[in-house]
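Colleague: I am new to reading protein models. Could you take me through one, feature by feature?

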Amino acid sequence: MIELEGVPELIDPVMVAAFEGWNDAGDAASTAVAHLEREFKGEVFAALDAEDYYDFQVNRPTVFMDGGVRKITWPTTRLSVVRVGGDKPRDLVLVRGIEPSMRWRSFCNELLGFAHELGVELVVILGALLGDTPHTRPVPVSGVTSDADLAQRMDLEETKYEGPTGIVGVLQEACAHAGVPAVSLWAAVPHYVSQPPNPKATLALLNRLEDLLDLRIPQGELPEDARAWQVGVDQLAAEDSEVAEYVQTLEEARDTAELPEASGEAIAREFERYLRRRDVGPPGGKQRPPAGGGGPREDDEDGSED
């Protein structure tokens, strides 16, 4: 770990992590954490040593000019902290990076060591996968955990997945073995429009994170971007009769599978979110500064895995 500044003192901290790569269809998960950093003005306070975990022929460094000086940015995973305000302020430790090329166990242990040092009480890992879901319907987001007690307490699914996994699955299991409560939130991205960005899936992940942690996240331009994205996909589908027919088939399957109880729960969650957004005052309060790629398909690693 390369510490860029001193470790901050945090209030009820929750670690929220996302990684570019196989677990990040449409860049939905990594963009969600980037949105949190931007809206709450997060500042990076630590980073992992890129030499330890990345193959630079797979994830190449980039060169840029800074005031006439040539510099290199190395692919890595960085940590920042933001303060979410309200009646009960709390801190989010944001972890954003790239799925490592090697030494996954050491990678997870290093992140968990920092979580322990910061007093993190819960780890939430965001992911996105490719699925047979229509772009015209709300983005399905599943919340899963390996902890049976946590599943019951937070109304989550207990994972039963078996099969190939990515860094999201490995980090969740590392948390379980270390005794750290951990949850994974998975957004399903339509496989026929998988190229990034997917602001609709990003917004769905942030909404579910709001519900899970009972906090308010400013949405910024995401709702408008999500509407524009859907209009654009609608236009593309309308130009291809086979795609339009396929989308209609997915819509019918989705509508048939949804139960009235599920719709009622969704309405209740949306109403609770609306009430949170009516709160008077700034959306996030002040941050406490530090003291000193395409994803898996549902049949590879679905929402029941992590």
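Colleague: Let us start with charged side chains. Which side chain meets R137 in a salt bridge?

Modeller: First, a caution: this is a predicted model. To call a salt bridge, look for a side-chain nitrogen of Lys or Arg within 4 Å of a carboxyl oxygen of Asp or Glu. Here R137 and E251 meet in a salt bridge, at 3.8 Å from N to O.

Colleague: Are R137 and E251 buried or partly exposed?

Modeller: Under 20% is buried, over 50% is exposed, and partly exposed lies in between. R137 has 22%, so R137 is partly exposed. E251 has 18%, so E251 counts as buried.

Colleague: Which residues join R137 and E251 in one network?

Modeller: D255 does. Salt bridges that share partners join R137, E251 and D255.

Colleague: How many salt bridges does a search of the whole structure find?

Modeller: Five. One of them pairs E37 with R96. Their closest N and O atoms are 2.8 Å apart. E37 lies in helix 1 (residues 28-39) and R96 in strand 7 (residues 90-98), so this pair ties together parts that are 59 residues apart in sequence. E37 counts as buried, at 14% relative accessibility. R96 counts as partly exposed, at 30%.

Colleague: What about D91? Which residue is its salt-bridge partner?

Modeller: The partner is R83, with the closest N and O atoms 2.6 Å apart. Check the accessibility again. D91 has a relative accessible area of 0%, so D91 is buried. R83 has 10%, so R83 is buried.

Colleague: Now the inside. How much space lies in the largest cavity?

Modeller: About 40 Å³. Next, ask what lines the cavity. R137 turns up again, as one of the lining residues. Others include T133, P134, H135, K200 and W229. Strand 11 (182-190) and helix 6 (199-213) are the elements that give two or more residues to the lining.

Colleague: How does that lining split by class?

Modeller: The lining has six nonpolar, three polar and two charged residues.

Colleague: And the outside? Which residues make the nonpolar surface patch?

Modeller: V63, I72 and W74 make the patch, at about 280 Å². Take V63 as the example. V63 is in strand 4, residues 62-66. Its relative accessible area is 46%, so V63 is partly exposed.

Colleague: What is the phi of D214?

Modeller: About 55 degrees, a positive value in a residue that is not a glycine. D214 is in the loop between helix 6 and helix 7 (222-238). D214 has 58% relative accessibility, so D214 counts as exposed.

Colleague: Is the peptide bond from P196 to P197 cis or trans?

Modeller: Cis, with omega near 0 degrees. P197 lies in the loop between strand 11 and helix 6.

Colleague: Finish with the whole chain. How many helices and strands are there?

Modeller: Nine helices and eleven strands. The chain has 306 residues, and 47% of them count as buried. Its accessible surface comes to about 15,300 Å². Carbon and sulfur atoms hold 49% of that surface.

Methods: Residues are numbered from 1 along each chain as its sequence is written. This is a predicted model: local features need pLDDT of at least 70, side-chain atom pairs count only at pLDDT 80 or more; totals for chains, interfaces and linings use all residues. Side-chain values use heavy atoms; hydrogens and water are left out. Patches are made of residues with over 30% relative accessible area and no salt bridge: like charges are joined within 9 Å, nonpolar side chains (Val, Leu, Ile, Met, Phe, Trp, Tyr) within 5 Å. Accessible areas come from the Shrake-Rupley method with a 1.4 Å probe; for residues, only the protein chains shown count as cover. Helices (H or I, at least four residues) and strands (E, at least two) are DSSP runs, numbered from the N terminus. Buried means under 20% relative accessible area, exposed over 50%, partly exposed in between (1.4 Å probe, protein chains only). On a 1 Å grid over the protein atoms alone, a cavity is a set of points where a 1.4 Å probe fits but cannot get out, and a pocket is an open set with protein on both sides within 12 Å along at least five of seven lines; lining residues have an atom within 4 Å of a point. Grid points are joined across faces, edges and corners, and a volume is the space filled by probe spheres set on the points. Ala, Val, Leu, Ile, Met, Phe, Trp, Tyr, Cys and Pro count as nonpolar, Asp, Glu, Lys and Arg as charged, and the others, Gly among them, as polar.
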